[in-house]
Amino acid sequence: MSLFKPLETSGENSKKETPKGEAEKVRCLIIGSGPAGYTAAIYAARANLNPVLYEGLQPGGQLTTTTEVENFPGYPEGVTGPVMMEDLKKQASRFGTDIRWGLVTDVDFSGSVHKVIVDDKHVIEADSVIISTGATAKYLGLESENKYMGSGVSACATCDGFFYKGKDVAVVGGGDTAAEEAMYLAGLCNKVYLIVRKPFLRASKVMQERVMNTPNVEVLFEHNTKELRGEGVVEEAILIKRKGEADEAEVSIKIDGFFLAIGHTPNSAPFSKYINTYDDGYIKTIPGSSKTNVAGVFACGDVQDKTYRQAVTAAGSGCMAAIDAERYLSEKK
Ligand code: NDP
């Protein structure tokens, strides 16, 4: 499910129309506008690569759906996700990045010049491409989940857990992410419910043991979430226990926060014909670099990182991608 919350755009490059007509030649094309894409743009622009950046469907990326960001170095008082992304965008614009709105619909990476099609019509021939399309958190698809987005519903415990210090929260999922998020929250919150739809956890053995041995984590096996309730903010979750069984029952838990940890989908689909990915879709990069299997195509941020998934690590990998692109272009020359 995509959760759109487009940035308020400002500056001369905002919402620039995609040029039409003949194939456009670009030295460095950046696809995606989260912290990885904007950081790559800042570095690429300062290296005179004249980058063109396409913002994609969710300008600013996943951070635009979070509230306060307190763990990005340089913001001692914290900053909201949208404001931080606007700052990064302004910084990328300042050095001349051509920021455009558009969706990459197809690519052809079979030749030495990389063809990228935007909005099914505009053809770009790029000497180098930086993929920073991010990942999309999976949601359950409940109406009430949407209603309380940013008011008790989150898909990132590391980002938002602090706001639930001393409170009761729930985490949905039974994999490693859910187990990690539950452990993280257990260190901050009064009580953590782990809502697992199966009678077992899928997480690794060591994480399972940690979860089961943490006194303030209660695992609710064979529970599915029906809906969230509350006056403006999440106050209660209605669960169905043993759905479809003879002893099916409705259960209510009082909570202040509801965290989704049912997986992410990396946004790598348009590239997967040419770019090697793992089975779960994450782009494979050569360790210690942002290089993909195609020369001149680099990947950074969450589309290639299922382990850390932090704004600061995404920004760091965006810097790597721009430096790798710059070196590739100067060697090619
Ligand atoms: P997973 O796909 O491993 O787990 C997703 C979990 O969410 C499963 O328990 C699944 O249930 C549950 N789920 C999915 N859809 C729903 C739904 N609609 N309602 C309720 N529950 C649902 O995703 P993760 O993000 O946990 O992990 C992804 C990969 O990353 C894994 O390979 C994992 O091992 C790895 N990882 C590694 C870490 C580490 O090594 N430190 C940390 C985090 C992740 P069910 O089991 O019933 O399908």
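Reply: Phe109, Phe271 and Tyr274 form one aromatic cluster. The model is a predicted one, in which local features need pLDDT of at least 70 and side-chain atom pairs count only at pLDDT 80 or more, while totals for chains, interfaces and linings use all residues. Residues are numbered from 1 along each chain as its sequence is written, and side-chain values use heavy atoms, with hydrogens and water left out.

A pair of aromatic rings is described by the distance of the centres and the angle of the planes. Rings of Phe, Tyr and Trp (its six-membered ring) pair if their centres lie within 6.5 Å; planes under 30 degrees apart are stacked, over 60 edge-to-face, and the rest tilted. The structure holds six such pairs. One of them joins Phe162 and Phe163 edge-to-face, with 6.3 Å from centre to centre and 75° between the planes. Phe162 counts as partly exposed because its relative accessibility is 42%, and the value for Phe163, also partly exposed, is 32%. Here buried means under 20% relative accessible area, exposed over 50%, and partly exposed in between (1.4 Å probe, protein chains only).

Tyr164 and Phe259 form another edge-to-face pair, at 5.5 Å centre to centre and 80° between the planes. This pair links distant parts of the chain, 95 residues apart: Tyr164 belongs to the loop between helix 4 (157–160) and strand 11 (168–172), Phe259 to strand 17 (residues 257–260). Helices (H or I, at least four residues) and strands (E, at least two) are DSSP runs, numbered from the N terminus. Both Tyr164 and Phe259 are buried.

Two rings also have a charge over them, in the sense that NZ of Lys or CZ of Arg is within 6 Å of the ring centre and within 35 degrees of the ring normal. Lys284 lies over the face of Tyr278, 5.1 Å from the ring centre. The charged end of Arg46 sits over the ring of Phe95, at 5.3 Å from its centre.

Arg46 is itself part of helix 1 (residues 35–46), which packs against helix 7 (residues 311–332) at about 35°, the axes being 7 Å apart. These axes are lines fitted to C-alpha atoms over the stretch in contact, and angles run from 0 to 180 degrees between N-to-C directions.
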